[in-house]
Amino acid sequence: MKQALARRILAATGWSIEGVPPEQRRFVLIAAPHTSNWDFPLMLLYAAAFGIKVRWLAKDSLFWAPLGWLMRAMGGIPVVRNRNHNQVESMRRIFASQDELVLVIPTEGTRSYTPYWKSGFYRIAQAAGVPIVPSYLDYSKKRGGFGPAVMPSDSMTADMDIFRQFYAPMRGKFPRLFGPVRLVDEPAEPVNTGQ
C-alpha cells in the first residue's frame, strides 16, 4: 500500500521512476545531487516507491521529544557530533549486525556548493564490505532511480570515476550548488610535466 501510494504521489507531481531497485540487501546509498530541502522528502518517496526501507544519519538533537519517534520511524539513526566518535566503525558494526540495511548518505554533506564530497560513505562501505549504490534525483527531467552497485576497490580514483560518469548528466534543483564529484582525500591528479 505504501509503495503504491508513493508511486501515485510521484506521478501526480510529474516525477517518473526509472529502472529497478538494487538487488543487494545491504549497501551504502549515495543521495546526490543534494541542493534543496525537497531532496529529502523526494528521496523517502522514491525509496517507498521502490519498496526499499532506508536508514539515514542525523544529529542526535533531532531525536528528542516530540519528534524523536517520528525520526526513527522514518529511518533515522542518531549521531552524536560533538564527541570524538568513530562513525565509520560504528556503522561497520551496525552493518555486521543486520541482514538488510540500506544506509543513505548525502555525499556532499550540505545543500550549499562544496568543492569536495565527504568520504564517509566510501569509508563506511570499505569497512563494512558492502557496495555503494548511486541514486539520483534529476530535476531537469523530473526522474529518479539508481545506478550500478560499486564495490570499493583498491583504486579510490577508479571507483570515483564511475560515480563522476554516472552523475555527469544529473541536475539538482539548483544546479550551481552541485559541486565536483571528488573526495577531499582522493589522490591528487598526476602532474603533466611535458616530458
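Okay, let's start in the sheet: strands E3 and E5 run parallel and are joined by two bridges. Strands here, and helices too, are DSSP runs numbered from the N terminus, with at least two residues in state E for a strand and at least four in H or I for a helix. Two strands pair if DSSP finds at least two bridges between them. Within that pairing, arginine 55 has leucine 103 in E5 as its bridge partner.

Before going on, the ground rules. This is a predicted model, where local features need pLDDT of at least 70 and side-chain atom pairs count only at pLDDT 80 or more, while totals for chains, interfaces and linings use all residues. Residues are numbered from 1 along each chain as its sequence is written, and side-chain values use heavy atoms, with hydrogens and water left out.

As for confidence, pLDDT is the predictor's own score for each residue, from 0 to 100. The chain averages 88, and 93% of the residues score at least 70. Over residues 190-195 the pLDDT is below 50, and that stretch has zero contacts in the model beyond near neighbours in sequence. Contact, by the way, means heavy atoms within 4.5 Å.

Back to E3, residues 55-59. Its other partner here is strand E4 (residues 76-79), also parallel, with four bridges, and leucine 57 stands opposite isoleucine 77 in E4. In a regular strand the side chains alternate between the two faces of the sheet. Buried is under 20% relative accessible area, exposed is over 50%, and partly exposed is in between, using a 1.4 Å probe and protein chains only.

Now compare E6, residues 132-138. How many of its residues are buried? Seven of the seven, so the strand is largely enclosed by the rest of the structure. Both faces are covered, with Ile132, Pro134, Tyr136 and Asp138 on one side and Val133, Ser135 and Leu137 on the other. Strand E2 (residues 26-32) runs parallel to E6 with five bridges, and there leucine 29 sits opposite valine 133. E7 (residues 143-146) is antiparallel to E6, with four bridges, and aspartate 138 has arginine 143 as its bridge partner. The E6-E7 hairpin has four residues between the strands, and lysine 142 takes a positive phi near 50° there.

On to the packing. In soluble globular proteins, nonpolar side chains tend to be buried together. A nonpolar core here is a set of buried Ala, Val, Leu, Ile, Met, Phe, Trp, Tyr and Cys residues joined through side-chain atoms within 4.5 Å. The largest one has 28 residues, and the members touching the most others are Trp117, Phe121, Phe163 and Tyr167. Elements giving two or more residues to this core are E2, H4 (87-96), E5 (101-105), H5 (120-128), E6 and H6 (156-167). Apart from it lies another core, of 25 residues, including Leu10, Phe63, Leu137 and Phe146.

Which residues does tyrosine 167 contact, leaving aside neighbours within four places in sequence? The list is Ile30, Ala32, Pro33, Trp117, Pro134, Ser135, Tyr136, Phe178 and Val181.

That brings us to the rings. Phe, Tyr and Trp rings (the six-membered one for Trp) pair if their centres lie within 6.5 Å; planes under 30 degrees apart are stacked, over 60 edge-to-face, and the rest tilted. The count comes to 11 aromatic pairs. Take tryptophan 117 and tyrosine 167: centres 5.8 Å apart, planes at 75°, so edge-to-face. The tryptophan is in the loop between E5 and H5 and the tyrosine in H6, so this pair ties together parts 50 residues apart in sequence. Tryptophan 117 is buried at 1% relative accessible area, and tyrosine 167 is buried at 2%.

Another edge-to-face pair is tyrosine 136 with phenylalanine 166, 5.7 Å centre to centre and 65° between the planes. With the tyrosine in E6 and the phenylalanine in H6, the pair links parts 30 residues apart in sequence. Both count as buried, tyrosine 136 at 7% and phenylalanine 166 at 17%. Ring pairs gather Trp117, Phe121, Tyr122, Tyr136, Phe163, Phe166, Tyr167 and Phe178 into a cluster.
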